[in-house]
Amino acid sequence: MSDRLEAILADAVPRLCPAAVALIAVDGSVVAAAAAGELVRYAGAEGALAADRPPVGRDSIFDLASISKLFTTVVLLSLAEEGRLDLDEPVSGRIAAADRSITPRRLLTHTAGLPAGRRIGDELPGPLTPATAERLAGARMAAMLSTPVAHPAGGPYLYSDVGMVMAGRLAELAGGAPLDVLVRDRITSVLGLPDTGYRPEPALLERIAATEFKPERARPGCVRGEVHDETAYALGGVAGHAGVFATAADLLAFGEALRLGGGGVLRPESVAEMTRDQGVAGAPFRHGLGVRIGDPGIAGPLADAYGHSGFTGTSLVVDPARRLTVVLLTNAVHPVRGRDGVRELRGAVAELAARLAGHLPAPETRPA
């Protein structure tokens, strides 16, 4: 059925996104795979075509954006398994500037009362040069951690990148290592994900999809090989809410590990808690720990699937009941953000996945 998936991507590229890769696995076996488009299509924001437009491949690397939150969540849960933190203890025991009402569980369910975002790079401007990086990134992180609670603790739901930045820092303090090292040691090395991590090496640049045109960056132009998210970039490229890059195959393996109960990175009971409806009020979907459950914006007809999306145009959907894992990677923010139709593309891929798993009838074929 890869031809059906190829047709879905061909309809979207380059209309919705310059590049896309999708994988659908049933019972751990890839039953449909497709790649379409160009890793770099545009030279700037006005839509002029780039001189060099390398084709996308199944081994291409994409900025996962907020799917990074799932990696932060898994790290925190693995630390909780070891007794290094408690999901319901105040984080102020380790982060003195944090409000005492904030707990890891509230951070992971977006019910800590923290605001949605904070452009800390604008508040504390300056380039992260080798001479200034440690001091400036440290000052920015300290400011993020002292962000005051602006809404009731415990709910209602308010999606917060600020909260996930705090979750990443909490993981570092409890785990005794930088977040990128924790993700490597506790997830990517365990699962054998060679192309997943923060701040990809320069040698990987030719495989990485470009994102948005950002003339204010140290390397002006369309971002490629560095995190798209402004806050993560201001913090040095490693943050709890964004910054992870990966291939579709690596992300599929990560999703499969969760589908099968942890895959060596978490215990089954931790995955069960991660994917349990936490009873979050005010969310447009059910919410687990770090994951959305039955979010129609990414799961389409897979009403009980869990996962996450990313602002760059990415999504991971896991449906244990249907034995499905679905990955869609795009760079829909290249060369500018705001394209319509990515939600529909996610839904079309999820609908095909449901058909391949035998849970939806095949579409009617009408005579010509």
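Mentor: We start with the chain as a whole and then turn to one helix.

This is a predicted model, so local features need pLDDT of at least 70, side-chain atom pairs count only at pLDDT 80 or more, and totals for chains, interfaces and linings use all residues. Residues are numbered from 1 along each chain as its sequence is written, and side-chain values use heavy atoms, with hydrogens and water left out.

The chain has twelve helices and ten strands. Helices (H or I, at least four residues) and strands (E, at least two) are DSSP runs, numbered from the N terminus. Of the 368 residues, 57% count as buried. Buried means under 20% relative accessible area, exposed over 50%, partly exposed in between (1.4 Å probe, protein chains only).

Now take α1, residues 2-12. Its buried residues are L5, I8, L9 and A12. They sit on the same side of α1, because they cover an arc of only 90° around the axis. That arc is taken from the directions from the helix axis to the C-beta atoms. An α-helix has 3.6 residues a turn, so residues three or four places apart point the same way.

What do the buried residues of α1 pack against? Their partners are the strands β1 (19-26), β2 (29-37) and β10 (324-330), together with the helix α12 (342-356). Contact here means heavy atoms within 4.5 Å.

Turn to the face of α1 directed away from its buried side. That face carries D3 and D11, and both are exposed.
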